[in-house]
Amino acid sequence: MSMSDSDSSSQAGEYKSFRQITRDRLLQEMLRSSKTGDSKSTWKVLIMDKVTVKIMSYSCKMADITEEGVSLVEDIYRRRQPLPSMDAIYFIQPSKEKAFVFFSSPIPKELVNRIKNDTSVLPRIGALREMNLEYFAIDSQGFITDNERALEELFGENVENSRIYDACLNTMATRIATVFASLKEFPCVRYRAATDIDASTMTTFRDLVATKLAAAVWNCLIKYKTSIPNFPQTETCELLILDRSVDQIAPVIHEWTYDAMCHDLLNMEGNKYVHEVPSKTGDQPEQKEVLLEDHDPVWLELRHAHIADASERLHEKMTNFISKNKAAQIQHGSRDGSELSTRDLQKMVQALPQYSEQIDKLSLHVEIAGKINRIIRELELRELGQLEQDLVFGDAGTKEIINFLRTKQDATSENKLRLLMIYAAIYPEKFEGDKGLKLMQLARISSEDMNAVNNMRLLESNTKETSTGGFSLKFDIHKRKHAARKDRTGEEETWQLSRFYPMLEELIEKLCKGELPKNEYSCMNDPSPTVHGTTQGASIRTNQVPAAHSMRSKRTATWARPRSSDDGYSSDSVLRHASSDFKKMGQRIFVFIIGGATRSELRVCHKLTTKLKREIVLGSSSLDDPPQFITKLKLLTTQELSLDDLQI
């Protein structure tokens with residue numbers, strides 16, 4: 001049995017991005033390697049299970065797979081027609097199911113022995129390999145382990161000594177470890193440690209989640225050091241394991257970037273957006289599904305831009321297209337430079353077939369941005385967003401919350417709930433005893449919705465019993481100003497409502513500078529000097545970091561800014577410099593968040609990659625938008641319900 005072998009650590013010659021390495025391994029190491037001289041036919045059938053088909057779909061397109069000689073993709077659990085004339089490639093999780101067999105994670109010894117002893121199967125196996133690739137690359141710098149119920153299984157009530165708790169942690173650890181097997185990286189493993197604050201606190205299973213996961217990942221990595229050829233023996237990168245308690249505000253606050261607004265406000269299913277297009281027969285408009293993904297250059301450029309910036313850029317793009325294209329000007333007619341409607345754009349597509357793809361893309365995003373801006377106006381989200389950010393930075397408090405709830409009775413239940421959750425994270429004492437009930441009545445939200453606020457206590461480390469028998473969120477033993485964030489110094493004023501930043505940004509910068517407190521963030525291994533010492537990687541981190549632009553703003557900032565500026569971390573900016581920058585990158589930093597990551601945290605990883613000259617890869621059990629996260633929070637104390645049963 002052979003092991004996969006790809007030279008892809010950040011210390012290797014040619015630097016490849018995280019997702020690029022994943023794609024290359026699937027296409028070249030697995031599919032291309034199965035092309036042998038004695039093959040029965042040119043084409044092969046690829047057989048996968050429900051986990052590996054997701055792994056493949058996140059990293060490769062059907063055209064990529066077909067190009068490697070695969071004509072048919074089958075589900076291993078469905079009855080299928082025998083194809084004796086074709087070779088088969090099996091990419092599956094280790095199981096009793098049995099060709100060319102590639103396992104997504106390490107194979108248990110008992111399963112290897114079973115295959116060896118089965119004389120009817122053994123002669124038919126052309127290859128048996130551990131791919132060690134069981135993660136889902138959702139972004140060029142992001143992956144998930146697809147543990148959608150991790151919040152419930154690890155932080156819910158009665159998780160102590162639960163088999164589900166252990167199974168969730170073990171699956172998560174195995175999948176995280178395969179990231180490092182794929183990239184040939186051996187990390188210095190840091191994790192947020194459980195700490196006893198005082199005698200009245202007790203360490204629970206929930207407090208130990210990050211510690212237990214770090215230990216399980218470490219055990220997998222130690223095995224890789226002896227089982228995978230050319231696996232690094234000393235640290236080549238850093239891994240920081242956190243849980244959702246590190247920042248309970250980021251998952252619910254309104255994030256004002258194009259990507260986040262699309263997923264927050266448009267009820268999208270994953271990355272799928274449904275819109276209407278004119279019928280070719282002249283009948284009723286047809287429904288068309290599009291994927292907002294990296295292959296769309298407009299999406300790639302705008303996804304991390306502020307929604308106001310994205311809207312401006314789209315208008316500029318269309319104006320430039322019309323000014324450079326005479327046929328478009330004729331079609332545009334005598335509108336005298338006024339703004340194009342979606343219907344105008346659709347007419348242009350029909351009149352200019354040679355430009356249909358380009359106008360199609362612009363038309364789609366003009367429609368999406370227009371819909372988002374309309375929702376922002378209808379729901380009065382700018383005023384709500386300002387209050388959210390003022391709360392976070394200590395510029396608003398109880399008075400402003402009560403005033404908002406009294407004067408904005410028509411605000412949606414979801415938005416009022418999200419506001420109360422931010423308030424609870426900063427002013428936990430306001431929810432002790434019957435105080436929370438009074439706020440619930442003022443906000444006119446249901447007791448089911450209020451469970452989401454109350455269940456925040458289960459995510460906070462070192463929960464403390466109070467005299468009323470309830471719980472309080474204990475953030476700090478010292479009295480302090482009620483602010484969850486400090487304004488970032490040295491960051492220029494840009495878009496309004498961009499002041500907020502996730503705590504992850506601060507933690508990554510401290511990790512990069514070697515300033516994370518060791519008593520709060522313990523290390524599984526005693527790192528060699530190459531990780532925190534004065535190596536070339538370290539000099540890149542400290543001496544060659546240019547001043548980066550930020551989307552953070554002061555309260556006085558305007559809704560719009562001069563178009564001449566470059567935010568420094570939008571996708572087009574990153575791509576523009578990628579070819580040269582990646583070659584100068586220092587060691588990779590991986591951050592894994594147990595319990596779900598947010599789009600703002602993924603955006604921060606892209607931003608800091610440019611700023612710190614180190615590729616930052618974000619991993620999590622899932623990627624959650626605010627409605628999903630709130631539903632999962634409700635499940636922490638709700639028995640016998642599924643994610644589909646609860647809606648906010």
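Which residue lies over the face of Phe136?

## A charge over a ring

Lys54 does, at 5.6 Å from the ring centre of Phe136. A charge sits over a ring if NZ of Lys or CZ of Arg is within 6 Å of the ring centre and within 35 degrees of the ring normal.

## About the model

This is a predicted model, in which local features need pLDDT of at least 70, side-chain atom pairs count only at pLDDT 80 or more, and totals for chains, interfaces and linings use all residues. Residues are numbered from 1 along each chain as its sequence is written, and side-chain values use heavy atoms, with hydrogens and water left out.

## Aromatic pairs

Searching the whole structure gives 14 aromatic pairs. Rings of Phe, Tyr and Trp (its six-membered ring) pair if their centres lie within 6.5 Å; planes under 30 degrees apart count as stacked, over 60 as edge-to-face and the rest as tilted. Tyr165 and Phe205 make an edge-to-face pair, with 5.4 Å centre to centre and 70° between the planes.

Tyr165 is buried at a relative accessible area of 0%, whereas Phe205 is partly exposed at 22%. Here buried means under 20% relative accessible area, exposed over 50%, and partly exposed in between (1.4 Å probe, protein chains only). Elsewhere, ring pairs join Phe18, Tyr135, Phe143 and Phe592 into a cluster.

## Cysteines

How many disulfides are there? The count is zero, where a disulfide is a pair of cysteine sulfur atoms within 2.5 Å. For Cys237, the closest cysteine sulfur is in Cys188, 8.8 Å away and so too far for a bond. Cys237 is buried, with 0% relative accessibility; Cys605 is buried at 0%.
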